[in-house]
Amino acid sequence: MTIGAYYTKLKGRWDERDALYCITSCTCGAMKENLQFQQTQKTLKFLMGLNEIYAAARGQILLIELLPAINKAYSFILQDEKQRGMSKDNTTMTEASTFAVKNNTCNSERNFTPQSSHLKCEP
């Protein structure tokens with residue numbers, strides 16, 4: 001599945017869970033720490049659920065001193081996915097171009113018959 005589909009599915013589940021979760025107000029600051037912990041857990045869950053092709057990008061994100069919020073991590077991975085798509089398209093295009101040139105060269109050598117005698121190549 002794409003990164004967008006994976007993130008949307010995961011976020012939908014978190015939103016459903018959060019709708020059922022009763023948040024009480026507090027003045028001691030514990031709720032702020034609890035929310036920060038939940039955000040960190042969401043980011044880690046998102047990163048650990050990625051395919052192995054994103055291992056390098058996941059590793060770079062995990063090396064950041066303060067783990068980014070889930071939307072920032074999603075943005076990093078999405079950018080990596082787009083770059084992979086671009087390089088895959090370029091590789092395919094390069095291979096196709098090489099094949100076309102090679103194929104065209106072979107055909108032109110076999111089928112070329114000059115109209116005029118002064119166009120013949122002499123070894």
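Predicted model: local features only at pLDDT ≥ 70, side-chain atom pairs only at ≥ 80, totals over all residues.
Is the crossing of α1 and α2 left-handed or right-handed? The crossing of α1 and α2 is right-handed. I noted that their axes come within 11 Å and cross at roughly 145°.

**Entry: the α1/α2 contact**

I listed the residues on each side. From α1 the contact takes Ile3, Tyr6, Tyr7, Leu10, Trp14, Arg17 and Asp18, and from α2 it takes Lys42, Lys45 and Phe46. Sorted by class, the contact of α1 with α2 has 6 nonpolar, no polar and 4 charged residues.

**Entry: overall layout**

I then stepped back to the whole protein. I count 4 helices and 0 strands, and the order from the N terminus is α-α-α-α. The chain has 123 residues, of which 19% are buried. I also looked up the contacts with a separation of 6 or more: 62% of them join residues 24 or more positions apart.

**Entry: the α2/α3 contact**

I went on to the pair α2 and α3. Their axes come within 10 Å and cross at roughly 160°. That angle makes α2 roughly antiparallel to α3, because the cut-off for this label is over 145 degrees. I recorded the crossing of α2 and α3 as left-handed. On the α2 side I find Leu44, Leu47 and Met48, and on the α3 side Arg58, Ile61 and Leu62. By class, the contact of α2 with α3 has 5 nonpolar, no polar and 1 charged residues.

**Entry: the core**

I looked next for the largest nonpolar core. It has 15 residues, and those with the most contacts inside it are Ile3, Phe46, Leu47, Leu50 and Ile77. At least two core residues come from each of α1 (3-20), α2 (30-48), α3 (55-62) and α4 (70-111). The most is given by α1, with 5 residues. As background, I wrote down that nonpolar side chains tend to be buried together in soluble globular proteins.

Beyond four places in sequence, Leu47 touches Arg58, Ile61, Leu62, Ala73 and Ile77. Leu50 sits in the loop between α2 and α3. Its relative accessibility is 7%, so Leu50 counts as buried. With neighbours within four places left aside, Leu50 is in contact with Ile3, Tyr6, Arg58 and Ile77. I checked one of these pairs by C-alpha atoms: Leu50 and Ile77 are 27 residues apart in sequence and 9.2 Å apart in space.

**Entry: Arg58**

Is Arg58 buried or exposed? Arg58 is in helix α3. Its relative accessible area is 9%, so Arg58 is buried, the cut-off being under 20%. Setting aside neighbours within four places in sequence, I find Arg58 in contact with Leu47, Met48, Leu50, Asn51, Glu52 and Ile77.

**Entry: Tyr7**

I returned to α1 for Tyr7, which is in that helix and is one of the residues making the contact with α2. Tyr7 is buried, with a relative accessible area of 12%. Leaving out neighbours within four places in sequence, its contacts are Phe46, Ile70, Asn71 and Tyr74. The C-alpha atoms of Tyr7 and Asn71 are separated by 9.3 Å, and the two residues are 64 residues apart along the chain.

Which residues does Asp80 contact, leaving aside its neighbours within four places in sequence? I find Tyr54 and Ala57. Asp80 lies in helix α4, and at 16% relative accessibility Asp80 counts as buried.

Arg84 is also in α4. I read a relative accessible area of 33% for Arg84, so this residue is partly exposed. Beyond its neighbours within four places in sequence, Arg84 is in contact with Ile53 and Tyr54. From Arg84 to Ile53, 31 residues apart along the chain, the C-alpha separation is 9.7 Å.

Terms used. Residues numbered from 1 in each chain as written. Heavy atoms only, no water. Core = buried A, V, L, I, M, F, W, Y, C linked by side-chain atoms within 4.5 Å. Buried < 20%, exposed > 50% of the residue type's maximum accessible area, 1.4 Å probe, protein only. Contact = heavy atoms within 4.5 Å. Axes fitted to C-alpha atoms, helices over the stretch in contact; angles between N-to-C directions. Parallel < 35°, antiparallel > 145°, perpendicular 65-115°, else oblique. Left-handed = near helix turned anticlockwise from the far one by under 90°. Nonpolar A, V, L, I, M, F, W, Y, C, P; charged D, E, K, R; others polar.
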